[in-house]
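Please examine the sequence and the structure before reading on.

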Amino acid sequence: MTSKRPLLIPSPRTPNTQHLPALPVYSDIANPTSGGTGLFSGMDSRNPAAADNSINVELPTFKSSPQRSISSSQRSVSSSQGSVVEPPTFKSSSQRSVSSSRRSVVEPPTFKSSSQGSVVEPPTFKSSSQRSVSSLQSKASGNNSVRESISSLQSKNSGNNSVREVSFGDLESKPVRYGSRGADSEALSLSQKDLNEEDARVVYIDDLAKTNERFEYSGNSIRTAKYSVFTFLPRNLFEQFHRVAYIYFLVIAVLNQLPQLAVFGRGVSILPLAFVLLVTAVKDGFEDYRRHRSDRIENNRLASVLVGNQFHPKKWKDVRVGEIIKIQASEAIPCDMVLLSTSDPTGVAYVQTINLDGESNLKTRYAKQETLSKMPDKEKITGLIKCENPNRNIYGFHAFMEIDGKRLSLGPSNIILRGCELKNTHWVIGVAVYVGRETKVMLNSSGAPSKRSRLETRMNFEIILLSGFLVALCTVVSFCAAVWLRHNNDELDDILFYRKQDYSKGKVDDYNYYGWGLEILFTFLMSVIVFQIMIPISLYISMELVRVGQAYFMIRDGQMYDESSDSRFQCRALNINEDLGQIKYVFSDKTGTLTENKMEFQCASIWGVDYNGGRSSPEQVGYSVEVDGKILRPKMKVKADPDLQQLLRSGKDTNEGKHVYEFFLALAACNTIVPLVVDTSDPNGGLLDYQGESPDEQALVYAAAAYGFMLIERTSGHIVIDIQGDRQRFNVLGLHEFDSDRKRMSVILGCPDKTIKVFVKGADTTMFSVIDKRLNLDIIRATEAHIHAYSSLGLRTLVVGMRELSATKFEQWHSSFEEASTALIGRAALLRKVAGTIENNLIILGASGIEDKLQLGVPEAIDSLRTAGVQVWVLTGDKQETAISIGYSSKLLTRRMTQIIINSSSRDSCRRSLEDAILMSRKLMTVSADTQTDRGSSGHGGTQVALIIDGTSLVYILDSELEEKLFELASYCTVVLCCRVAPLQKAGIVALVKNRTADMTLAIGDGANDVSMIQMADVGVGISGQEGRQAVMSSDFAMGQFRFLVPLLLVHGHWNYQRMGYMILYNFYRNAVFVLILFWYVLFTCFSLTTAITDWSSMLYSIIYTAVPTIVVGILDKDLSRRTLLDYPQLYGAGQRQECYNSKLFWLTVVDTFWQSLAVFFIPLFAYWGSSIDRSSIGDLWTLAVVILVNLHLAMDVIRWNWITHAAIWGSIIATWICVFVIDAIPSLVGYWAIFHVIKTASFWLCLLAIIIAAMAPRFVVKFLYQYYRPSDVQIARELEKFGNPSASRPAQIEMNAILDLPRR
Amino acid sequence: MEAKDGASNPTSSTKKKSRKPKYSKFTQQELPACKPILTPASVILIFVAIGIVFIPIGLASLFASERVVEIVHHYDKDCIPLKYADNMLAYIQSSKTNKTCVRKLTIPKQMKSPVYIYYQLDHFYQNHRRYVKSRSDKQLRSKSYENTTDDCAPERYTAKGVIVPCGLVAWSLFNDTYKFSVNNKQLGVSKKDITWKSDQKNKFGSDVYPKNFQSGGLIGGAKLNSSIPLSEQEDLMVWMRTAALPTFRKLYGRIEVDLEADAVITVTIENNYNTYSFRGNKKLVLSTASWIGGKNYLLGVAYLTVGGLCLFLALAFLLLYLIKPRPLGDISYLSWNRSASGGHIY
């Protein structure tokens, strides 16, 4: 029942959109001719502008076309109608009459389509009817004009059926029947047809044996853990060996075990691989252990299950389908169950669905009237429930129940789902229908796929390149060896340094010679072993360590600590840190992510006077009342406007006071809020918690309470309001619930003074059409102006009106209401018509402005992200209007943007809308490009396009060829807003982008409904807010506030990416240069794979000599300071453009590596050619040269030298010297004391110096030229940081730091 | 409108330990750091400095190399009697043939003592994998490891027992000998201290005596006097320190007198070593030494080249800088500013 904002947001070009008269929806729809044409024939013959394609563009050129997104589309109605084959068995049920009514045009076909659309899919779609997304969305496949009523029907079961049986005669309260509502059967009756008798699940109530007769339904135990004790080792190893490199190293390790090939020691070659595997296995094992533990806790919770005639506690895991379960207040619901009865005489139960869909308010669920009175512990219930097979649609449920020979239809409002909690209801009794893995919540939490970072994926490609390179090296060696062997074949026997023959045994034998062919093969394999570090396994270890270090800094970042929830940043996935630096798309949930999910009453316009003093006035002690000896105060305090309070205290004698009084009475009464008393520590005090489905209503009721109109009690027949200390009882004589066509609700109150008043509140668009304009025109004008002002502040506005009813008029209404609510045919439409008769000629009271409170810093964060080139998409389950209004307040949408709105109800209309929109946005692009070149202004000045699309349209677009078009369209848009999307659709949208671009996607959300999207995106971020832990549990990173996304991406992401990208390239270089030095030497050893560098040094090279600096630099180096990165969000583009790791850089590195290895190898080679140098001495020279070189190479690229970097780099070089000294001090090794001799010679030092200068010079020159003459943005920013830029003023960026440091209230 | 529940109560929140990360310069990644940036001035300076250092070094080493007097005499072919010219292998492998060969060398320039005598082998892969592995350093060191010959195949043992020193390296010990005389006067050749002190002291055991050496089916090279411990077999030590490259010299001895220019030295060579089977070369080298080692122009040339290039680069950068300077840290060069103003495209 949230406020309805105009569908079209006023833009400067069409300032009056808001006041365009609302096209009555039925005017077009009710046209019987088009409705009656039947089947699909109508589909193509229709004028696209008229209805279905509801592309909605605010452009002057489009002004003549219908601006409203009305669309009737009887076509889909009729088409679905056509596809419906009604089995005769259902003839007696209510939907029979509904469909027949369509023909007699008693009921507008629109409505029908809504109910039909919910279950019947257009024939074209039939094949895909099993898809989860489509089934999920099938509820909304009607045309768009009824879309909202459908969804509201699902979400709150309100919709059209505001049936309340009220008798005027006795003004007494009488329970309102909620149980079997007309609309329920209307909306769901068709489901019976859809339920395939064979496929359906049949549950015999309280009869386990019979239920499980046909199939054995699984138990209620759940399992989220990946491994069991037995499967851990194989599965974990299997997963780990998905890394190509691991397999490679396994093969190498195995090869080295062959005696002919043993180049290195046996254990030594396995050690590194084993170490990596072990560390990862321990980590995975621990994580899985925690999942096991939580599973066990969950499975062992107790539920009270009917056994015999009594409810006994039973573990959750033992609950079976068909069992009857009783749940007490505040208990969690163990499985999906159909309600039988509740503690409420009307059969209402309230559930909290926070863990399911992320909404924190209470939802109402109903037990069927027919089962309400049955007490299973007293009398046995027999009956059966036929329901659809388990699916993921948490908003849909189609079933019917046969009980006592009656057939009742069941809908989503009759089922309570696992993951919810029972609230505000003493107990409920229900039948388990889906248990364990088949519950909707479990089906929705698809297992988290392990993610791999983009950089790593790329890297794997380069590693394949490197392996190709390795193979080439090995081939060269073995080919040369082959040639040499062939050439010297005859001399091999006694060649002094080869000596094939072994004379030591009795007979002369070949020694270590296996024939020409095998020798070649062995040479090849041995060269693989010798050159193995070409593929840097150490890189994987380094990456893990670097990520841990990066995660440490992200967790410890004080700017990502949320004080209000006392939550730090959490790194839940350790392998995608660097992806944060490359994000191109952010998919954000709205509620709880962008907003705090708290509505706040801000200001009101009453009787033409704007009262907005509350915004600035200090907080006061809230209003309180005493009830039953307890002092109750509202849970939320609202800042009140002092003038208004003064006015209220002065009484309602004045004309002004009277209207104010009526206004607040309307706020307090015209809603469906249920007040709840919450006990506090103070025994004499209590808090009044207003529970309701609409946060707007809550805010209004709290506001009313703050001004002394405190709602104390609400039953279905009356309400009690404490008005300025005077408790008054009002009889609720009638209530027209909110529906999205009227966009308003009304309540008829029998006041204590025997007058009958109708209070109406609703969206300004529809309210002004029912307000009597003959009276108080100036007031209306003033109110309109105020509403405009409010909404431009981003407030959600509601207009309140009233009228007094005379007794006769009321009688008239009452009789027609009675008639309508008992009507069998077209009840909802009749009721709406009845509402229409009374909701007119209203006196305007005023309007309210409610702030959907954005989280702190959200607009600034979005602005920063946008400047950084990140496309922000908002995916919300909210209504379009709400979404758009949040779009404005969060600066996502601006008034300068052109909005494209797509609400379509069929695939064809979707296609048309998309095509039109693409054409138009193309045109806009060219126009703006032209103007840009004309004016020479920056890209920000051009026309920006915002796409707003709803879930219904997405049903047709996702998973079809239209995806392409949507994607194309989206690529023209700066902003995309998707409203009314179901959880799985969110994932579908993310997949739409993810599968079509190489760009990185990030999804951020806080509720369980965001889980699928979080898991689908490359990076999933969970907000650890109030909305349960599901999102956090499935996310890769979790944090307290949306605004932390800015430091996370722009600062940490940038750093991580830059560091990791550099580290990978450096590691390639580091290992390749070493391998190449080995390779060059092999060419001078008769291709026999001798190494001059000792085995020990080869082993220690990537462990001690060069490992620490790259890790330290990978963790600590910063190319730019936090401040610069936040000041210039555009610098984030470096990651998006893949500036730190791309094939160009890779190949440059390869060339550089070649040169450096040549310098290292050949300078000593020529210097010592024909000299008496021995192998160990020159080996030591090469070792030291290459280690110093690679460390200095790193040093040259280090951007920020702090003491740790110094220690790591110089320390490594020193450590290498020490190691070389130590190795050469071992007498049993060949190279004993070599280093001590060689360092005494001048040529050693000359070689060393020459190598380093000659090797580094080219890189240094290129680096300098590149930095100086083709500076990257990062480079300029670095210079700016160092030298400042006095000439240029700082750009007008929002100082994130200042905002971030602000303490939260 | 603020939730008034207990959580936000200030007293309770202070009681509960806050998870707020403690501030430190380290955790906030704000450690004091220096941020060097390549400015044209610094780069030009670096290159000038390298040039200034390298060119003198290059000149000095060229000069030193130039002063080294070196005589290289390639004798393997010349020492084959004519009748064996077509069958050198038979000549060298036969124990009957007379291997003595007399050569005359003219000293081009005065050679100050000590004059080092080397033998140089070409195409001899002392670094071949099979070859370098075929030795036992443990056995060389100590008598107690006499039987540690695992890696020594195919020269591990003979019928009589373990070979000491085992392995191909020792087996192929060089066995040509040289005698020098000037004007029929014998020149003394010092063969002491031609190897590293460390080898004598620690690597080759004083209690290890040659055993069964060169008594197998195939004779590889020199025989060793089995009454002298390995620690005093300096030729072996020199040989066992295997060369890094296929063309190498090994120290044979020293002549401790100056050799005058134009003097003719008569060298009597015992040409025993078989390099003919692998088309290797044997050379006799007489050389003086300098601080840079033997005669080698490469380092000098390399230093001069690098130094020269650096000076050239410094000059080039200087010119570039003067012609086309770019102000450092000018935000108008940022890509998003650049595309707007359209200028500054390099």
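## Terms and basis

A residue is called buried when its relative accessible area is under 20%, exposed when it is over 50%, and partly exposed in between (1.4 Å probe, protein chains only). This is a predicted model, in which local features need pLDDT of at least 70 and side-chain atom pairs count only at pLDDT 80 or more, while totals for chains, interfaces and linings use all residues. Residues are numbered from 1 along each chain as its sequence is written, chains are lettered from A and ligands numbered from 1 in the order in which they are written, and side-chain values use heavy atoms, leaving out hydrogens and water.

## Salt bridges in chain B

Side chains of opposite charge can pair when their charged atoms come close. A salt bridge is a side-chain nitrogen of Lys or Arg within 4 Å of a carboxyl oxygen of Asp or Glu. Glu70(B) and Arg249(B) form such a bridge, with their closest N and O atoms 3.0 Å apart. Arg249(B) is buried, because its relative accessible area is 12%, whereas Glu70(B), at 22%, is partly exposed.

Asp199(B) and Arg241(B) also meet in a salt bridge (2.9 Å, N to O). Both Asp199(B) and Arg241(B) are buried.

## A bridge in chain A

Over all chains, the structure holds 49 salt bridges. One of them joins the side chains of Arg744(A) and Glu839(A) (2.7 Å, N to O). Both of these residues, Arg744(A) and Glu839(A), are buried.

## Extent of chain B

Of the 346 residues in chain B, 49% are buried. The C-alpha atoms of chain B fill a box of roughly 115 × 60 × 40 Å, taken along the principal axes.
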